[in-house]
Amino acid sequence: MAEASYPEDLLYHPEHDWARIDAADPAVATLGITWYAQDSLGEVVFFDLPAVGASVSKDASYAEVESVKAVSDVIAPLSGEIVEVNEALADDLQKINEDPYGEGWLVKVRIADPAEREQLMDARAYAATLGG
Amino acid sequence: MSAIDENHLHADPGIDGHHPHHPATAAAAGPMQRERARTIFQKGSPGRRAFVCPPLDVPMPDAEELLPKRFRREQPPRLPEVSEPEIVRHYVGISKRNFDLDSGFYPLGSCTMKHNPRLHERAAALPGHARLHPLQDPERAQGALELMFNLQGALAEISGLPHVSLQPSAGSHGELAGVLLTRAYHEDRGETRHKVLTPDTAHGTNPATVTMAGLEVVKLATNPDGGIDLDDLRAKADSDVACLMLTNPNTLGLFDPNIEEIAAIVHGVGATLYYDGANLNAVMGLSRPGDMGFDIVHFNLHKSFTQPHGGGGPGSGPIAVSERIAPFLPRPVVARDGDGSFALDFDREPGSKSIGRLRGFHGNYGCFVRSYAYICSLGADGLKDASEVAVLNANYLLARLREKGVAEHLPLAYGELCMHEFVLSGGPMKRALKIKTLDLAKRLLDFGFHPPTVYFPLLVDEALMIEPTETETKETLDAFADAIAQILAEAAADPEIALGAPYSTPVRRLDEVAAAKRPVIRQALD
Amino acid sequence: MLAAIGVSSVQEIFERQIPEGVRLGRELDLPQGLSEQEVFAHLSQLAARNVSAEDELSFLGAGMYDHYVPALIDMLMERSEFLTPYTPYQPEISQGGLQVMFEYQTAISELTGLPVSNASTYEGPSAVAAAAYLAKLHNSKRRLVISAGLHPHTIETLRTLAHGYGMEVVLVALTTCSAGAAPGSTGGVTDPDAWAGAIDDDTSAAIFAQPNFYGAVEDAAALSAAAKDAGEPVVIAQVDPITLGILQPPGACGVDVAVGEGQPLGNRLDFGGPSFGFFAAREEYLRRMPGRIAGETVDVDGRRGFVLTLQTREQHIRREKATSNICTAQALNALAGVVYLAWLGRRGIVELGELLLSRTHYAREQLAALAGVEKLHEQSVVREFALRLDADVAAVRGRCLAQGVNPGVDVQALSGRDEDRGVLLVAITERRSRADIDRLAEVLGAAVASERQAVPA
């Protein structure tokens, strides 16, 4: 994805992470990193998939993504338990760069505290933090 | 560099005669470029060899008695099978694919790439040094111990700190010793302190070391002049701070004018002050860390004291400390006995406070020989001259790079004058000329120069950190400044040239992403 | 130059930057500089006051050994292209150094039987401590169970650094030959029961030496298996690389991380350094390895090339979360190591190992037959062995030294441990012929006899 984009249907964390509340089951959210995060990092060369069943805490790191010259903590926008990881990334990390909001998703979590959603930003507010 | 290119490095930036980013460059490659890099494991032939084993001159007992079969290796390691001429050709051949300090200017910031006198190699190779066993009885190694004692004394005088351990193997190892010493000092006083303050300009080794020593890093901000932000320091200096780790001059090449106040604040909360000696080459004989208030210093003998870098080691990282830290020094240290002889002091008495060993034996003695020879050659006057000329050279090169045509693209990040090195920002260049610091660095390779350190320190956008050292001539500095100006002018006309550089090197830009994604870190064998 | 800078003197540059209160204001209290020939004369005089392996018949070892260093190593190490570059930060002009690292990693991987190697670390004992840190990062457990057969310097280094790591060091004793030893026990090796007993769920790493400090060949496979039965430690072996032509490689013995002192491989003694430490591991530990690693790739024109890779492990990127604070490697010493291994070659490393094994066995039998001298243990040895003397070791050594023979290391003087009293550690390299060994037997026998006469029991 060459151009910056921040879909309207996502919730954003200031550390450049997004959450998508599952339409069918609002207790589950899909998490990933934003276009800005992958662009700053450069081509992702390593992502160590976390374990299903692990718990994540809002504002805390639950994984790392690496490019050749940088490492970035992946921050959980919401607390919860990991119920699925994107196994397809094991073979094709480029999806994180090419399609950060689609095939480049990282994990799905069962949300522990739905109220935490209120603390996240919408696309417009997040884009504003990037200074245009 | 290939042999063909060597004679033309300065004159020929490698793209004459054809368009730079045109595939035609491959056809212009020299023989070393054309040969695909084959490893020693891909050469030779079964049964071929260099080594001739001395004869078996003792009775051959039963194999099982010598070594039971279950302990024996079943298949020999698949080492190369090559003759001596093949080994020589191979390694001499690949050596020519290296750039080196003896061939050209190497202004790597923070690395102090000064000339390595060949005298040092000759002295270190004397059998009395080179074939001396580290467990030789001290009374039969008096020359070595005297050399170490004298080196300890010289480093103490240069740093202004009286007690020295030569043991650490490198700067990073010296840092680890320093933080462990700080920890031991506080623990001995019954205090548990968790935090170590490091400026955001610090070398990466500083925070890594702090974690290995079981403490926690707290970052300090840099003020607009490039020094420590005193307000931030005051806010963070409390009774949980074990130490402040500082490089002075810092990684921006600036001497912190508030150093006395910084020391007072740090000592005021009972913490120690640690000096990263990476930049000592700026101040030898001019200013001493001990006099600035530092408690612990590490030296990089491979920087200020000209141990050759060897393509990435060996180094040596002795430390000097103040009286209050001395009881905790790693052992052994070399002491002089009443009769004038030299001994290894292990301090094995009960109640010893030493943090213990950091490695085997006494440290990198071979490096001590070279650095001691250097100190003897230069003497008190010469060491001061070395620092003065290092600073003069840096300021002269900085002045040349502040001329029109360069300064608007590569402004000085902080300050006016500098010490032994300085940091430019390639931010304006990136915006105006559409080339990054990395591209400038790669294009410099075609001009026969090793590029400066790039992308460090982290707080400078597109940083370019330049340290010329005292052993370079004005002509070399001018040629380098001219090359920078030429590359910028060239980029203004056509940024593609720099973006595609280098062209004249044994290989061109390498795919680091592929190397990291699917690591191949050894030769596959049949 | 001053005019270009805009100052009137060099002093002004300093005065404008360094506060007066911290300017030295006097000359350093060091001698004035000397000419090249004066410095060389001074360093020659110092060298002449050392008794090197050139000047006596030396059987010193205990971590560093007087192996023969082939002439081509001197020649290659003195080449400017290897001697004077910095770390290969610019791969386009550092292919020589990077390829050497890649070849070195291959050689270490082959020797140890483990798939991944770094480009070297400082030296032996600190490499063991670096491996312990890998274990800490890997499993966050607290205890380091270590064999008393590790080199005393390794044990001391581990204790120093374990304090920083927040880990506890638990020492497992060796078996003895004395009364009460298990039937069939040769003594001198890590006590298997105590080893298994010491390892628990909170054990981060289990560490032993092969051969151990007293020369004994350990049952590495049994130690590894026992460690993994008792817990989930990272099994670390400190290995003598010169023995790996004939001893089972650590990778075949269940070892996870093999480290050691590289000096025997083509590096000179240099009174203890610089040399190199090697560091090899199973694939799963690759991203926890300390130090530089060279990897293969291609350039934009498709040519094969090498780069430093997996750098996100390192301090300059990961900073306080790095796998180590180590900045560089021992590239020049590692070059000597890989050239030496190429020079020995696939057959040579086995032949050399067999020669060492035979001569060491011969020497041990000759010496143990002397009155007042016995083997410390009966276990197999490769190029070094321990003896117990029925006499004061320092006095015996003094008598031998007067005869131009350095019979080996007084272990108690090295370790400071009471239980090492009377122990002499004798190293045999390929430079010590049968005639040299016979001379040692003659001189040592006479020295022990004289001491036993001089000091009646």
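Student: Is Leu444(C) buried or exposed in this predicted model?
Tutor: The model is predicted. Around Leu444(C) there are 28 other C-beta atoms within 10 Å. A residue counts as buried if 20 or more such atoms lie within that distance, so the class of Leu444(C) is buried.

Student: Which helix of chain C holds Leu444(C)?
Tutor: The residue belongs to a helix of chain C that covers residues 434-454. That element is helix H15.

Student: Which residues are in contact with Leu444(C), leaving aside its neighbours within four places in sequence?
Tutor: One of the partners is Leu367(C), which lies 77 residues away along the chain. The C-alpha atoms of Leu444(C) and Leu367(C) are separated by 7.9 Å. With the neighbours within four places set aside, the contacts of Leu444(C) are Leu367(C), Leu370(C), Cys400(C) and Pro407(C).

Student: What separates the centres of domain 1 and domain 2 of chain C, taken over C-alpha atoms?
Tutor: The assignment for chain C gives domain 1 as 57-67 + 347-454 and domain 2 as 73-340. Taken over C-alpha atoms, the separation of their centres is 27 Å.

Student: Which element gives the most to the side of domain 1 of chain C that touches domain 2 of chain C?
Tutor: In this contact, 24 residues of domain 1 of chain C meet 24 residues of domain 2 of chain C. Helix H12 (331-368), strand E12 (384-389) and helix H14 (411-415) of chain C each supply at least two residues of the domain 1 side. By class, that side has 12 nonpolar, seven polar and five charged residues. With six residues, the element that gives the most is H12(C).

Student: Which strands stand at the edges of the seven-stranded open sheet of chain C?
Tutor: The sheet has mixed pairing and the strand order E2-E8-E7-E6-E5-E3-E4. Each edge strand has a single partner strand, so one side of each is left without a neighbour in the sheet. The edge strands are E2 (116-117) and E4 (168-172) of chain C.

Student: What is the bridge partner of Ile236(C) in E7(C)?
Tutor: Strand E6 (residues 234-239) and strand E7 (residues 257-261) of chain C pair in the parallel sense over three bridges. In E7(C), the partner of Ile236(C) is Val257(C).

Student: Which helix of chain B gives the most to the side that touches chain C?
Tutor: The contact involves 167 residues of chain B and 164 residues of chain C. On the chain B side, 91 residues are nonpolar, 41 polar and 35 charged. The helix that gives the most covers residues 365-401 and supplies 21 residues; this is helix H14 of chain B.

Student: How many residues of domain 1 of chain B are in contact with domain 2 of chain B?
Tutor: Chain B is divided into domain 1 (137-363) and domain 2 (380-514), with 31 Å between their centres over C-alpha atoms. The domain 1 side of the contact divides into nine nonpolar, eight polar and two charged residues. Domain 2 contributes 19 residues, and the number from domain 1 is 19.

Student: Over which residues of chain B does pLDDT stay under 50 while the model has 21 contacts beyond four places in sequence?
Tutor: Chain B averages a pLDDT of 93, and 93% of the residues score at least 70. Where pLDDT is low, the predicted coordinates should not be read in detail. The stretch with 21 contacts is residues 1-11.

Student: Which strands of chain A stand at the edges of its six-stranded open sheet?
Tutor: The strand order is E1-E2-E3-E9-E8-E5, with antiparallel pairing. Within this sheet, E2 (residues 17-21) and E3 (residues 28-33) of chain A pair over five bridges, and Ile21(A) has Ala29(A) as its bridge partner in E3(A). An edge strand has a single partner strand, so one side is left without a neighbour in the sheet; the edge strands are E1 (11-13) and E5 (55-56).

How values were computed:
Residues numbered from 1 in each chain as written. Chains lettered and ligands numbered in written order. Predicted model: local features only at pLDDT ≥ 70, side-chain atom pairs only at ≥ 80, totals over all residues. Helix = DSSP H or I, 4+ residues; strand = E, 2+ residues; numbered from the N terminus. Buried ≥ 20, exposed ≤ 12 C-beta atoms within 10 Å, placed from the backbone. Contact = placed C-beta atoms within 7 Å. Nonpolar A, V, L, I, M, F, W, Y, C, P; charged D, E, K, R; others polar. Domains from an automatic or database assignment. Pairing = 2+ DSSP bridges. pLDDT = per-residue confidence, 0-100.
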